[in-house]
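Hello,

Here is the structure I promised to pass on. My notes follow below it.

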Amino acid sequence: MKHNVSAELFRIDCGDIYLQEFSIEDADKIYIISNQPEISNFLPDWKSTRDQRVDWVTNYEMPANKAFLEAAKENNIDNHFLKLGVFISATDEFIGWCCTGIKEEIPAPNREIMYAISADHQGNGYATKASLGLINYLFSNTNIEILNAVALINNLSSNKVIEKCGFTLQGKHKIGDELYNNYVLRKSEWRS
């Protein structure tokens with residue numbers, strides 16, 4: 001289904017995909033993708049009912065995105081979160097998300113990036129392209145100096161994406177009952 005593109009929404013062009021701030025019409029696709037076993041096994045906090053997802057997008061994620069983008073105008077995003085949909089440029093199809101926010105479970109500075117791509121579109125390099133687009137935006141347009149990424153040790157695909165983006169493994173970190181690889185990328189090491 002073709003997505004209704006709005007000129008009013010923040011967007012990052014990544015070539016054959018683009019990132020765009022969540023809109024209410026994205027809630028259904030987020031719900032469907034977040035409940036795919038390939039996603040919910042690694043991101044159980046994203047699993048929801050349809051009504052929960054509509055509520056979260058409408059009352060939390062969209063306002064949080066606006067707050068982030070306002071703060072970014074001042075080049076200081078503090079503890080704000082940004083959640084962007086991943087879309088195929090040729091069709092405007094919503095295929096996942098790429099986000100940044102504070103990961104309280106890891107030591108400061110603890111701003112992370114994270115992503116998920118629909119099972120139907122995995123293996124095409126979209127997670128890497130989306131992550132690189134968000135990283136470049138953050139290092140070029142905000143006061144961020146260090147980014148983190150975490151991935152479950154058994155999530156080989158996610159670990160591979162993080163490494164392709166230039167992150168350096170710092171070690172393992174336990175979050176809840178699970179062991180994660182913890183990666184860091186410094187602005188001083190970034191190549192856009």
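**Helix packing**

Helix 3 (residues 50-73) packs against helix 4 (residues 126-141) at an angle of about 40°, and their axes are 10 Å apart. Axes here are lines fitted to C-alpha atoms, for helices over the stretch in contact, with angles from 0 to 180 degrees between N-to-C directions. Helix 3 is therefore oblique to helix 4; under 35 degrees counts as roughly parallel, over 145 as roughly antiparallel, 65 to 115 as roughly perpendicular, and the rest as oblique. Helix 3 brings Phe68, Leu69 and Ala72 to the contact, and helix 4 brings Tyr137, Leu138 and Asn141. Contact means heavy atoms within 4.5 Å. Of these residues, 5 are nonpolar, 1 is polar and none is charged. (Nonpolar: Ala, Val, Leu, Ile, Met, Phe, Trp, Tyr, Cys and Pro; charged: Asp, Glu, Lys and Arg; polar: the others, Gly among them.)

**How to read this**

This is a predicted model: local features need pLDDT of at least 70, side-chain atom pairs count only at pLDDT 80 or more, and totals for chains, interfaces and linings use all residues. Residues are numbered from 1 along each chain as its sequence is written, and side-chain values use heavy atoms, with hydrogens and water left out. Helices (H or I, at least four residues) and strands (E, at least two) are DSSP runs, numbered from the N terminus.

**Helix 4 itself**

Helix 4 has 16 residues and spans 22 Å from first C-alpha to last, close to the expected 22 Å. The expected span is 1.5 Å times one less than the number of residues. Its buried residues include Tyr137 and Leu138. Buried means under 20% relative accessible area, exposed over 50%, partly exposed in between (1.4 Å probe, protein chains only).

**Backbone points to check**

Most residues other than glycine have a negative phi, and most peptide bonds are trans. Asp78 has a positive phi, near 45°. Asp78 sits in the loop between helix 3 and strand 3 (82-88) and is partly exposed at 49%. Asp92 also has a positive phi, near 60°. Asp92 lies in the loop between strand 3 and strand 4, and counts as buried at 9%. The Ala108 to Pro109 peptide bond is cis, with omega near -5°. Pro109 is in the loop between strand 4 (93-102) and strand 5 (111-117).

Is Asn182 buried or exposed? Asn182 is buried, at 10% relative accessibility. Asn182 belongs to strand 8 (residues 178-186). Beyond neighbours within four places in sequence, its contacts include Ile106, Asn148 and His173.

Best wishes
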